[in-house]
There are 2 protein chains.
Amino acid sequence: MNSRRTSPPQAGKSPAAGTSPWRARRRDRELKREAVIHAAARAFNRKGYHNTSLDDIATALEVTKPTVYYYVTNKEHLLFQCFLAGIAPIRAAFREVKDQQAPARERLAAVLRHYGEAVASEFGWCMVRAEDQDLSPAMSRHIKALKSEIDQGIRRLLREGVQDGSIEPCDPKMTAFALAGALNWIAHWYREDRSLTPGEIAAAFVTIFEGGLRPRSASQAATRAPLRRRVRIAR
Amino acid sequence: MNSRRTSPPQAGKSPAAGTSPWRARRRDRELKREAVIHAAARAFNRKGYHNTSLDDIATALEVTKPTVYYYVTNKEHLLFQCFLAGIAPIRAAFREVKDQQAPARERLAAVLRHYGEAVASEFGWCMVRAEDQDLSPAMSRHIKALKSEIDQGIRRLLREGVQDGSIEPCDPKMTAFALAGALNWIAHWYREDRSLTPGEIAAAFVTIFEGGLRPRSASQAATRAPLRRRVRIAR
DNA sequence: TAGAATATCTACTCATGAGTATGATCGAGG
DNA sequence: CCTCGATCATACTCATGAGTAGATATTCTA
């Protein structure tokens, strides 16, 4: 972008970038566009959509605002692009699982793992928090449709699981909300606390969803009897 | 509020007032303050914090902006008050359950039910979405501490449940994140879709959390064949 | 090597919204 | 009836940030 700067432009800045992208990709408009979107996602992720100005994004790229506008039409479209980047791996997971033969619970678990990883990614925040409130009606409809598609995909897998016996009978709608909600929320706390990798988190969540809180090993009795008093572990 | 307006002022507004609020100044002021906070919560809930101006809130109360500022110091404090109102019932639930004798899983379920209802309330959005990003450092610390308190409360109940055998052994931290996340997310969708009451939603979620997706009745085989044979619950 | 694209910057406009200075109005006490 | 404090409105200030106009530099092409 700043190909005519005299001082060595971004050495040291944008640490995750590895090598300076602007030199190698000088002429590649699409790559630059993606860099803009990626920088926006990082900024939105860190400070939130409303607390991020396009000047911030431009500064992060060591560029000025009009340059950003040269690659994206406006802030809303920028958020939308981040959203698309965020849901892409989830949609891919659905496709990947589409014609597998495994029981639906396992296919669902695979999707949820990808889902969790996507939410924990740098685009996760944008995916999860692209609010209708912040968007024009048209864009809002668009995003809502894409979100609904994912929701329906989860519900379908749940229904199939109940059918094939791999999932306990349940209300698909509420269950899908619960699963997606738990995973979406990762985007809110996987900023401070990075003690686990996205993959580990996703796996842990799937385990929790599948197992449930109530013990399965019929080892003791505290589980069902309503008026029971505390019981020592029988272990 | 608009006590000198000619039209009947707040008949229908601030319904809980009961007796003539104009007698005791002190009490009256407090009621109006609460009305401001409630109106703010409604507005934030509907349009989001950043898309709500204090003029909006004032208009909703049929008042002007300086009047709002007469009751709250600034927008941030207003959000904070909404937050406090949102978490109050949750903290109450923890207290209520504190010295019960029921197994921890049941106490946790009770807390989660109140949690879910709180999130679905009008203050739910403010509770869930009071972001550090939008707040001054001091306020951010304050809110974070209060959220953490709730988180730790859930973890403690989980640990106790594992101890007393009413909860399957699990990672309390991840499990607490999953539970709280699923419930928090209610605030995002319980706007359009009100087909269930908050109580029903909370109950449904607790059922899902407790049971898990994997079937418990040993009815069929698609589930887990390898390491586990199905066991009847010894009730 | 002169244009023609392409890419980027400087320097704006303009709307919005938080927060305030100041004055008007009302009820109550003297 | 008159003043005082509490309450509320009018009419501002001021900062911020989205988006743009127009100039400038760089590279490509003929």
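A:Arg129, A:Glu131, B:Arg129 and B:Glu131 are tied together in a network of salt bridges (a salt bridge being a side-chain nitrogen of Lys or Arg within 4 Å of a carboxyl oxygen of Asp or Glu). Keep in mind that this is a predicted model, where local features need pLDDT of at least 70, side-chain atom pairs count only at pLDDT 80 or more, and totals for chains, interfaces and linings use all residues. Residues are numbered from 1 along each chain as its sequence is written, chains are lettered from A in the order in which they are written, and side-chain values use heavy atoms, with hydrogens and water left out.

- A:Arg129 forms a salt bridge with B:Glu131, and their closest N and O atoms are 2.5 Å apart.
- The pair joins two chains, because A:Arg129 lies in helix H7 of chain A and B:Glu131 in the loop between helix H6 (124-129) and helix H7 (137-164) of chain B.
- A:Arg129 is buried at 6% relative accessible area, and B:Glu131 also counts as buried at 6% (buried means under 20% relative accessible area, exposed over 50%, partly exposed in between, with a 1.4 Å probe and protein chains only).

**Chain A overall**

- Chain A has 11 helices and zero strands (helices are DSSP runs of H or I, at least four residues, and strands are runs of E, at least two, numbered from the N terminus).
- Of the 235 residues in chain A, 48% are buried.
- Take the contacts in chain A between residues at least 6 apart in sequence: 64% of them join residues at least 24 apart (contact means heavy atoms within 4.5 Å).
- Chain A exposes about 11,700 Å², with carbon and sulfur atoms supplying 51% of it (Shrake-Rupley method, 1.4 Å probe).

**Where A meets B**

- The contact takes 65 residues from chain A and 69 residues from chain B.
- Together the two chains bury about 5,600 Å², 54% of it on carbon and sulfur atoms (buried area is the accessible area, 1.4 Å probe, that two parts lose on being put together, summed over both).
- There are four salt bridges across the interface of chain A and chain B.
- 28 residue pairs are in polar contact between chain A and chain B, both at pLDDT 80 or more (a pair of N or O atoms within 3.5 Å; within protein, one must be able to donate a hydrogen and the other to accept it, and residues adjacent in sequence count only if both atoms are side-chain atoms).
- Helices of chain A that each supply at least two residues to the side touching chain B include H2 (29-47), H6 (104-120) and H8 (137-164).
- H9(A) gives the largest share of that side of chain A, nine residues.
- B:Lys173 and A:Asp193 meet through their side chains in a salt bridge (2.7 Å, N to O).

**Salt bridges within a chain**

- Over all chains, the structure holds 25 salt bridges.
- In chain A, the side chains of A:Asp56 and A:Lys47 meet at 2.8 Å, N to O, in a salt bridge; A:Asp56 is partly exposed at 28% relative accessibility, and A:Lys47 is partly exposed at 31%.
- In chain B, B:Asp28 and B:Lys32 form a salt bridge at 3.5 Å, N to O, and both are buried.
- B:Asp28 and B:Lys32 sit about one helical turn apart because they are four residues apart in helix H1 (residues 25-47) of chain B.

- Most residues other than glycine have a negative phi.
- A:Glu62 has a positive phi, near 55°, and lies in the loop between helix H3 (54-60) and helix H4 (65-71) of chain A.
- B:Glu62 also has a phi near 55°.
- A:Glu62 is buried at 17% relative accessible area, whereas B:Glu62 counts as partly exposed at 46%.
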